[in-house]
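Have the sequence and the 3D view open while reading.

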Amino acid sequence: MKQSQLFTKTQKQAPKDEVSRNAQLLIRAGFINKEMAGAYSYLPLGLSVLNKISNIIREEMNAVGGQEVFMTVLQPKETWEKTGRWSDKVVDNWFKTSLKNGGELGLGFTHEESLAKIMKNYIYSYKDLPVFIYQIQEKFRNEERAKSGLMRGREFFMKDLYSFSLTKEEHELFYEKMKDVYMKVFDRLGMKEKTYVTISSGGSFSKYSYEFQTLSEAGEDTIYIIDKNKKIAVNKQDFNDEIIADFNLNLNKKDLVQEKSIEVGDIYSLGFKYSEAFNLTYKDKDGKDQFVFMGSYGMSPSRLMGAIVELNNDENGIIWPEAMAPFKIHLISLGQNEEAQKIYEELEKNNIEVLYDDREISAGEKFADSDLIGIPYRIVVSKKSLENGGAEIKKRNEKESRIVKIKDIAKELK
RNA sequence: CGGGAUAUAGUGCAAUGGUAGCACGAGUGGUUUGGGACCAUUUAAUCUCAGUUCGAAUCUGAGUAUCCCGACCA
């Protein structure tokens with residue numbers, strides 16, 4: 001698109017109430033707008049990034065057999081009383097409200113209850129299992145202290161997948177598989193190198209669970225790295241002798257390296273907790289009722305967006321990996337709009353995503369904006385570049401540019 | 001939820017209890033055009049409610065919001 005048409009503008013200074021690097025850069029570059037603590041609006045550039053991250057996750061969930069749904073955020077009290085999770089004493093971050101006719105409801109912070117209830121209408125026989133359901137949707141959590149920009153909001157995006165299996169054994173096969181699926185997603189998002197499968201306490205449903213922790217000073221968690229090559233770690237808050245024994249970890253706690261990290265995903269074995277609460281059963285081959293064995297698998301596209309910015313920036317701005325950049329190319333014309341226009345049309349014709357800076361402003365401002373927004377490739381068309389034989393191409397994360405003939409640009413960047 | 005801090009144009013900052021000013025942004029006119037260029041000119045603000053005072057951005061109280069530390073975090 002033409003940048004002169006983009007309604008957002010960049011800012012030199014970040015609002016003083018925004019301390020986290022990811023929110024500062026995203027606000028300055030016009031990706032998001034802060035509505036209140038922990039609640040952000042996504043503007044065109046931000047929405048594009050969010051959708052690209054979501055689509056990568058969606059593709060991987062589909063590849064493993066996930067079926068996408070979209071559940072309502074509105075949650076009636078009665079559903080949650082079945083699992084004892086309506087009480088504010090049990091779940092302290094509910095956003096609750098009421099209906100005009102007096103019924104109480106809450107805004108969903110997760111969807112185990114809701115989905116278990118739905119699946120009761122569709123799971124009857126062992127032939128119906130296993131089945132994997134997911135959604136990419138907003139979650140609401142009344143955080144006592146929202147912080148860290150997109151990484152800990154009151155309203156945020158979540159991909160939550162739920163598995164329904166015949167047995168614990170069948171569940172575990174899928175559970176293990178999901179570890180690899182998650183790592184594949186992080187690989188596509190360019191963060192695999194820094195992401196560790198992290199052993200954590202399992203909450204009330206199972207002894208252990210796995211978190212996915214990405215090394216970053218901006219993180220809220222601390223992990224002990226167990227195996228740097230296999231990317232295995234243990235969450236510091238759960239690290240104890242029992243874990244060492246249970247996982248056969250042959251190590252000495254004081255030799256371990258501690259790192260700060262961002263929790264970018266988690267997977268849980270839920271066991272029968274929800275199937276018992278909602279009497280979610282199937283008939284086995286002998287015609288006997290059996291409870292469904294459940295698991296849940298979370299990953300937040302909005303937190304990932306924040307984390308990706310934390311991992312990919314320099315003093316001038318964001319450096320988007322190509323997979324989730326809002327555009328592939330930032331085309332900048334310096335007083336050569338005619339040639340730039342031709343390149344723009346050629347790129348569009350080839351379905352290459354391009355932001356064309358056609359504004360009548362100084363070169364310095366265009367470069368500064370381009371660095372701040374962080375589109376992976378920058379193409380500059382100017383008198384100078386034309387004299388040198390074409391347009392300059394430079395990657396956002398590289399210093400040197402090179403000249404490419406104008407007729408070769410589309411071919412080269414396809 | 002405990003502790004601490006802050007609240008002034010769209011953004012960032014000033015203003016001893018006495019004329020709310022600067023920079024960026026935005027508008028207009030002009031000069032520029034390879035790293036947020038320049039000149040002229042315009043625009044736009046004291047969180048809310050009380051109180052003290054001749055007079056409050058400034059002092060007091062309450063409220064609200066925001067940020068930080070901690071706690072919490074399926």
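## The two sides of helix 9

The exposed residues Glu338 and Lys349 lie on the face of helix 9 turned away from its buried side. Helices (H or I, at least four residues) and strands (E, at least two) are DSSP runs, numbered from the N terminus.

The buried residues in helix 9 include Ala340, Ile343, Tyr344 and Leu347. They cover an arc of only 105° around the axis, so they sit on the same side of helix 9; the arc is that of the directions from the helix axis to the C-beta atoms. Just after helix 9, Asn351 has a positive phi of about 55°.

## Source of the model

This is a predicted model, in which local features need pLDDT of at least 70 and side-chain atom pairs count only at pLDDT 80 or more, while totals for chains, interfaces and linings use all residues. Residues are numbered from 1 along each chain as its sequence is written, and chains are lettered from A and ligands numbered from 1 in the order in which they are written.

## Strand 16

Seven of the seven residues of strand 16 (residues 293-299) are buried, so the strand is largely enclosed by the rest of the structure. Phe293, Gly295, Tyr297 and Met299 point one way, and Met294, Ser296 and Gly298 the other.

Two strands pair if DSSP finds at least two bridges between them. Gly298 is the bridge partner of Asp160, and Gly295 stands opposite Ser269.

Methods
A residue is buried if 20 or more other C-beta atoms lie within 10 Å of its own, exposed if 12 or fewer, and partly exposed in between; C-beta atoms are placed from the backbone.
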